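Let's take a friendly walk through some charged pairs and a helix packing. Keep the model open as you read.

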Amino acid sequence: VPDATLIFIMPPSVEELERRLRGRGDTPEEQIVLRMERAAWEMEQRNWYDHVVVNDDAQRCANEILNIISNLE
């Protein structure tokens, strides 16, 4: 969609992303490895997005996204 506003939700760090994935305790090791590889590629693509929001605090992150959306109108 050419006129879409793209928001990339980024983890605070690669280490934190891995900690979160492992902390769930329900993801097999091979899936963690694949997801970490995919995440690295996705983070490299963040410059294509209109906004990058770091998910270091869930409430702050949600508020920032809501603010972006509300300013589109």
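Glu 18 and Arg 22 form a salt bridge, with their closest N and O atoms 2.9 Å apart. The term means a side-chain nitrogen of Lys or Arg within 4 Å of a carboxyl oxygen of Asp or Glu. Because Glu 18 and Arg 22 are four residues apart in helix H1, about one helical turn separates them.

## About the model

This is a predicted model, in which local features need pLDDT of at least 70 and side-chain atom pairs count only at pLDDT 80 or more, while totals for chains, interfaces and linings use all residues. Residues are numbered from 1 along each chain as its sequence is written, and side-chain values use heavy atoms, leaving out hydrogens and water.

The whole structure holds seven salt bridges. One of them joins Glu 16 and Arg 20 (3.0 Å, N to O). Another links Arg 60 with Glu 64 at 2.5 Å between the closest N and O atoms; both residues lie in helix H3 (residues 58-70). Through shared partners, Glu 16, Arg 19 and Arg 20 make up one network.

## Where H1 meets H2

Which residues of H1 meet H2? They are Val 14, Leu 17, Glu 18, Leu 21, Arg 22 and Arg 24, where contact means heavy atoms within 4.5 Å.

Note on methods. Helices (H or I, at least four residues) and strands (E, at least two) are DSSP runs, numbered from the N terminus.
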